Amino acid sequence: MIQSQIEHISSGEYDRFGLASVGRAIRARRMEYGMSIAALAKSAHVSRGTIARLERGRYVRLPTQAVLSSVTRALGRDQSWLARETWR
């Protein structure tokens, strides 16, 4: 994506990038595993704030592929799972 050019995304634009669906899928899987935000963040090597923003779809910048990959791996899935969950 054009991540480096995106300085701020208004909340109305998040759905254009599918971030609301991404966040819902990640939260559902985390809850299914009975994981806290802190536990997922630790396992994915990202901050709790990153997980919270991702789940809420409230990113100032689009999440990087590395962040998404790390989070999905910590949930026992890969990015293809996330794509399937997002575009159902």
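**View 1. Threonine 50 is a buried residue of helix α3.** Threonine 50 has a relative accessible area of 12% and is therefore buried (buried is under 20% relative accessible area, exposed over 50%, partly exposed in between, with a 1.4 Å probe and protein chains only). Helices (H or I, at least four residues) and strands (E, at least two) are DSSP runs, numbered from the N terminus. Leaving aside neighbours within four places in sequence, threonine 50 is in contact with Tyr59 and Val67 (contact is heavy atoms within 4.5 Å). The model is predicted: local features need pLDDT of at least 70 and side-chain atom pairs count only at pLDDT 80 or more, while totals for chains, interfaces and linings use all residues. Residues are numbered from 1 along each chain as its sequence is written, and side-chain values use heavy atoms, with hydrogens and water left out.

View 2. Leaving aside neighbours within four places in sequence, arginine 48 is in contact with Ile37, Ala38 and Ala41. Arginine 48 and alanine 38 lie 10 residues apart in sequence, and their C-alpha atoms are 5.4 Å apart.

**View 3. The largest nonpolar core has 20 residues.** Such a core is a set of buried Ala, Val, Leu, Ile, Met, Phe, Trp, Tyr and Cys residues joined through side-chain atoms within 4.5 Å. Ile26, Leu40, Leu54, Val71 and Leu82 have the most contacts inside the core. At least two core residues come from each of α1 (19-33), α2 (37-44), α3 (48-56), α4 (65-74) and α5 (79-86). Not counting residues up to four places away in sequence, isoleucine 26 touches Leu40, Leu54, Glu55, Val71, Leu75, Trp81 and Leu82.

**View 4. Trp81, Leu82 and Thr86 are the buried residues of α5.** Seen down the helix axis, these residues fall within an arc of 130°, so they line one face of α5 (the arc is that of the directions from the helix axis to the C-beta atoms). The buried residues of α5 pack against α1 and α4.

**View 5. The axes of α4 and α5 come within 9 Å and cross at roughly 95°.** Axes are lines fitted to C-alpha atoms, for helices over the stretch in contact, and angles run from 0 to 180 degrees between N-to-C directions.
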